[in-house]
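Please look over the protein shown below together with its ligand. The briefing after it is arranged by topic.

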Amino acid sequence: MKRISLTQHLVEEQRLNNNIPAELRLLIEVVARACKTISHAVGKGALGEVLGSADTENIQGEVQKKLDVLSNEILLEANEWGGHLAAMASEEMEHIHPIPNRYPKGEYLLLFDPLDGSSNIDVNVSIGTIFSVLKAPDGLGAPTEQDFLQAGSRQVAAGYAVYGPQTILVLTTGHGVNCFTLDREMGSWVLTQRGMQIPEDTKEFAINASNTRHWYPPVTRYVDEMQAGVTGPLKKDFNMRWIASMVADVHRILNRGGVFMYPADAREPEKAGKLRLMYEANPMAFIVEQAGGAATNGQQRILDIQPEKLHQRVAVFLGSKNEVERVTKYHQEA
Ligand code: P6P
């Protein structure tokens with residue numbers, strides 16, 4: 001494949017589809033540059049004095065890692081001066097972050113999980129950044145949380161970075177999914193996969209099986225059938241993977257198929273699931289659907305869910321279309 005940069009790709013996509021105005025291109029380039037900075041910090045590990053706990057808690061009640069806090073700051077600082085945003089929201093912050101008055105405001109809203117997979121940071125397993133872009137409602141005065149509560153189908157762009165053996169950036173602006181690899185010598189993002197497509201069938205599933213005894217019947221039925229293998233109703237053997245970094249599990253599925261599940265379960269019946277709708281499930285669902293896959297909460301398309309709270313959680317079933325449809329059917333039959 002001819003090696004082209006992220007900027008050239010975005011300019012060419014704008015010419016083709018007229019869907020990436022200059023401010024959106026600037027937003028994507030700024031986020032991509034921030035991901036380079038995060039990758040650099042993550043890559044230092046113990047040498048950078050950035051491992052371990054920050055001894056603080058986030059809105060989720062989770063103990064923050066130093067890199068969680070650092071990654072959040074990197075994204076805030078990178079995006080506040082450019083004039084392309086009205087406000088930001090992050091897994092690591094309880095309230096939205098309006099653009100400071102000393103900077104011009106733009107027409108986009110940026111949401112992110114600055115460092116997803118924190119439990120893997122200190123043990124050198126792939127982690128990543130997830131982001132989602134919405135348009136701010138017209139005639140926006142001071143942005144409010146309510147302005148962010150838009151269904152995932154209204155996203156204008158979404159992406160994730162994986163800080164792994166390679167540092168990669170996967171991006172969609174509504175016309176397919178493309179992957180860029182960080183050229184560390186040049187410090188530039190280079191297009192390495194164009195038009196990624198998820199196989200509609202799979203032999204690989206991802207779920208945290210330590211929760212088996214807590215699953216509701218539709219999940220138990222589906223996982224049992226996969227584990228029954230070639231002599232069971234699905235007539236094929238399955239493999240299992242669980243990296244406990246959503247970005248890494250989703251990237252594997254984007255490349256070779258699979259079904260990723262984080263269901264609600266009986267541990268906390270009032271909780272819809274563990275993952276967050278606005279800055280984990282929605283961007284990943286947009287990307288997965290753009291790559292020919294499917295993403296539901298067991299009952300409906302994730303992208304159709306009307307958000308009620310910025311940090312609300314949601315059950316997630318995403319990946320190979322035919323398998324997501326199957327497990328969703330089991331929920332609807334239950
Ligand atoms: P568990 C990481 O903390 C995360 O939010 C996702 O990236 C990941 O898929 C999931 O939680 C892992 O959860 O319960 O297996 O540790």
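This is a predicted model: local features need pLDDT of at least 70, side-chain atom pairs count only at pLDDT 80 or more; totals for chains, interfaces and linings use all residues.

Residues are numbered from 1 along each chain as its sequence is written, and side-chain values use heavy atoms, with hydrogens and water left out.

**The ligand and its surroundings**

- Around the ligand there are 13 residues, of which Asp 116, Asn 208, Trp 242, Met 246 and Tyr 262 come nearest. A residue is near a molecule if one of its heavy atoms lies within 4 Å of it.
- By class, this shell holds six nonpolar, three polar and four charged residues. Ala, Val, Leu, Ile, Met, Phe, Trp, Tyr, Cys and Pro count as nonpolar, Asp, Glu, Lys and Arg as charged, and the others, Gly among them, as polar.
- Asp 116 has a side-chain N or O atom 2.9 Å from an oxygen atom of the ligand.
- For Asn 208, a polar side-chain atom lies 2.8 Å from an oxygen atom of the ligand.
- For Trp 242, a polar side-chain atom lies 2.9 Å from an oxygen atom of the ligand.
- On its own the ligand has 400 Å² of accessible area, and the protein covers 84% of this. Accessible areas come from the Shrake-Rupley method with a 1.4 Å probe; for residues, only the protein chains shown count as cover.
- The ligand takes up the space of the largest pocket. On a 1 Å grid over the protein atoms alone, a pocket is an open set of points where a 1.4 Å probe fits, with protein on both sides within 12 Å along at least five of seven lines. A molecule sits in a pocket if more than half of its atoms lie within 2 Å of its grid points.
- Strand S13 (259-262) and strand S14 (275-276) are the elements that give two or more residues to the shell around the ligand. Helices (H or I, at least four residues) and strands (E, at least two) are DSSP runs, numbered from the N terminus.

**Two mostly covered helices**

- Helix H7 (residues 277-290) has twelve of its 14 residues buried. Buried means under 20% relative accessible area, exposed means over 50%, and partly exposed is in between (1.4 Å probe, protein chains only).
- Among the buried residues of H7 are Leu 277, Tyr 279, Glu 280, Pro 283 and Phe 286.
- H7 is followed by Gly 292, which has a positive phi near 85°.
- In H6, nine of the eleven residues are buried, including Met 246, Asp 249, His 251 and Arg 252.
- Just after H6 comes Gly 257, with a positive phi of about 85°.

**Positive phi outside glycine**

- Asp 55 is a residue other than glycine with a positive phi, near 60°. Asp 55 lies in strand S1 (residues 53-57). Its relative accessibility is 70%, so Asp 55 counts as exposed.
- Ala 244 is a residue other than glycine with a positive phi, near 65°. Ala 244 is in the loop between strand S12 (239-240) and helix H6 (246-256). Its relative accessible area is 34%, so Ala 244 is partly exposed.

**Side-chain polar contacts**

- Gln 64 belongs to strand S2 (residues 63-65). Gln 64 counts as buried because its relative accessibility is 8%. The side chains of Gln 64 and Glu 92 are joined by a polar contact of 2.8 Å. A polar contact is a pair of N or O atoms within 3.5 Å; within protein, one must be able to donate a hydrogen and the other to accept it, and residues adjacent in sequence count only if both atoms are side-chain atoms.
- Thr 172 is in strand S8 (residues 167-172). Thr 172 is buried because its relative accessible area is 1%. Its side chain reaches the backbone nitrogen of Gly 174 at 3.1 Å.

**Loop residues and C-alpha separations**

- Val 156 is in the loop between helix H4 (145-148) and strand S7 (157-163). With a relative accessible area of 22%, Val 156 is partly exposed. The C-alpha atoms of Val 156 and Asn 19 are 8.5 Å apart, and these residues are 137 residues apart along the chain.
- Pro 100 is in the loop between strand S4 (97-98) and strand S5 (108-116). At 17% relative accessibility, Pro 100 counts as buried. The C-alpha atoms of Pro 100 and Trp 81 are separated by 8.4 Å, and these residues are 19 residues apart along the chain.

Technical notes: On a 1 Å grid over the protein atoms alone, a cavity is a set of points where a 1.4 Å probe fits but cannot get out, and a pocket is an open set with protein on both sides within 12 Å along at least five of seven lines; lining residues have an atom within 4 Å of a point.
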